[in-house]
Amino acid sequence: MAEAFIVAATRTAGGKRGGRLSGWHPVDLAAQVIDELVRRADADPALVEDVIMGCVSQVGQQATNVARNAVLASSLPESVPGTSVDRQCGSSQQALHFAAQAVMSGSMDVVIAAGVESMSRVPMFTPNALPLKAGLGGYMSPAMQKRYPGVEFSQFMGAEMMAKKYGLSKEQLDVYALQSHQRAVAATNEGRFAKEILAVEARSAEGGAEGEGQPHTVDEGIRFNATLEGIAGVKLIQEGGRCTAATASQICDGATGVMVVNERGLKALGVKPLARIHHMTMIGHDPVIMLEAPIPATQRALQKAGMKIDDIDLFEVNEAFAPVPLAWLQVTGADPARLNVNGGAIALGHPLGASGTKLMTTLIHALHDRGGRYGLQTMCEGGGMANVTIVERL
């Protein structure tokens with residue numbers, strides 16, 4: 001079977017809700033990333049055989065196959081198809097897996113895997129809230145209710161369950177959140193994100209935002225003056241709990257993507273690869289605690305790849321909530337100094353369907369920056385699932 005290589009990887013800097021990217025239609029923002037991937041690979045646009053795009057809230061401006069719409073808003077010819085993927089928070093990581101499988105099978109040679117989410121324009125939970133409001137019902141079927149009687153699937157409840165199960169105190173979560181901001185600040189100030197970020201024009205929905213019309217190159221959610229006291233003072237999400245908005249991922253607008261090719265694609269493009277896909281794993285797990293799946297998924301991936309945790313140089317574990325990476329560290333025994341070295345979603349934002357290829361973009365560039373060989377990415381996903389991708393820097 002052919003191998004899969006990543007030859008280009010880029011992302012927009014994250015935008016806060018109502019912030020510097022809120023003036024962008026998500027289709028046009030995604031198109032910017034597509035065009036940048038083509039530019040970075042110096043590729044003939046007609047060589048791209050498919051665009052697979054992750055997006056969670058596929059309604060409104062992100063409806064009617066956002067991937068195909070992004071193709072039609074880009075420089076790609078009309079002959080390039082597109083399809084949209086919803087694996088919840090792992091949507092664009094799954095897009096990457098589908099793209100890799102396509103080129104490994106030999107059915108395609110050049111595929112773009114991407115993700116987009118405008119949480120300003122299409123707020124979280126909109127796909128559920130609008131039908132309920134219109135009297136069209138919700139996603140919980142009678143059979144699901146019978147299997148999980150009285151259960152409310154909630155990421156917020158899952159985060160509290162994770163903290164309790166793994167004995168994580170509020171103080172530990174607060175300290176971790178501060179570290180995320182501190183690492184993101186250091187990475188930004190030292191220019192470590194410069195090569196991965198695509199500068200797009202800052203456009204706010206209302207106009208007049210700071211830096212309006214200027215290149216948007218710095219993740220807007222980073223708190224450069226974050227303190228432990230400030231984080232500790234944020235109100236609890238639920239009474240008697242341990243998680244707060246400060247120890248959870250930030251609502252974020254953004255678009256991200258990677259170009260995936262096989263050996264024939266490498267020859268056609270005449271470009272050197274950044275990384276090779278070494279292994280891919282996907283599992284389902286308990287949908288009630290929901291956020292725990294990255295732990296057994298990582299264990300399965302390492303076993304199937306014939307690797308040990310210490311063989312991995314860098315890890316990206318999505319910071320949906322602070323208990324997720326902390327519990328993951330506790331069980332896997334991974335070196336904390338190798339995890340989310342440039343900060344994570346607590347500081348940088350979590351643009352839902354765009355986060356998979358966002359983390360992969362950061363992971364690949366960090367491996368090159370630090371001279372590491374192997375990187376592992378995983379993230380918790382709604383419904384109790386997790387993807388794991390192991391890449392080798394080339």
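Mentor: Let's start with helix H10 (residues 294–305) and helix H11 (residues 323–332), which pack at an angle of about 40° with their axes 9 Å apart. Helices here are DSSP runs of H or I with at least four residues, strands are runs of E with at least two, and both are numbered from the N terminus. The axes are lines fitted to C-alpha atoms, for helices over the stretch in contact, and angles run from 0 to 180 degrees between N-to-C directions. That angle makes H10 oblique to H11 (under 35 degrees is roughly parallel, over 145 roughly antiparallel, 65 to 115 roughly perpendicular, and the rest oblique).

Before going on, keep in mind that this is a predicted model: local features need pLDDT of at least 70 and side-chain atom pairs count only at pLDDT 80 or more, while totals for chains, interfaces and linings use all residues. Residues are numbered from 1 along each chain as its sequence is written, and side-chain values use heavy atoms, with hydrogens and water left out.

Now the residues themselves. From H10, Pro294, Ile295, Thr298 and Gln299 meet Val324, Ala327, Trp328, Val331 and Thr332 of H11, where contact means heavy atoms within 4.5 Å. Sorted by class, this contact has 6 nonpolar, 3 polar and no charged residues (Ala, Val, Leu, Ile, Met, Phe, Trp, Tyr, Cys and Pro are nonpolar, Asp, Glu, Lys and Arg charged, and the others, Gly among them, polar).

H11 has another partner, H7: their axes come within 10 Å and cross at roughly 100°. H7 and H11 are therefore roughly perpendicular to each other. Here Gln172, Leu173 and Tyr176 in H7 meet Pro323, Pro325 and Leu326 in H11, giving 5 nonpolar, 1 polar and no charged residues.

Step back to the largest nonpolar core, which has 45 residues, with Trp328 and Leu291 among those with the most contacts inside it. Such a core is a set of buried Ala, Val, Leu, Ile, Met, Phe, Trp, Tyr and Cys residues joined through side-chain atoms within 4.5 Å, and buried means under 20% relative accessible area, exposed over 50%, partly exposed in between (1.4 Å probe, protein chains only). H11 gives the most to this core, with 5 residues. Leu291, for its part, touches residues including Met162, Phe321, Val324 and Cys380, not counting those up to four places away in sequence.
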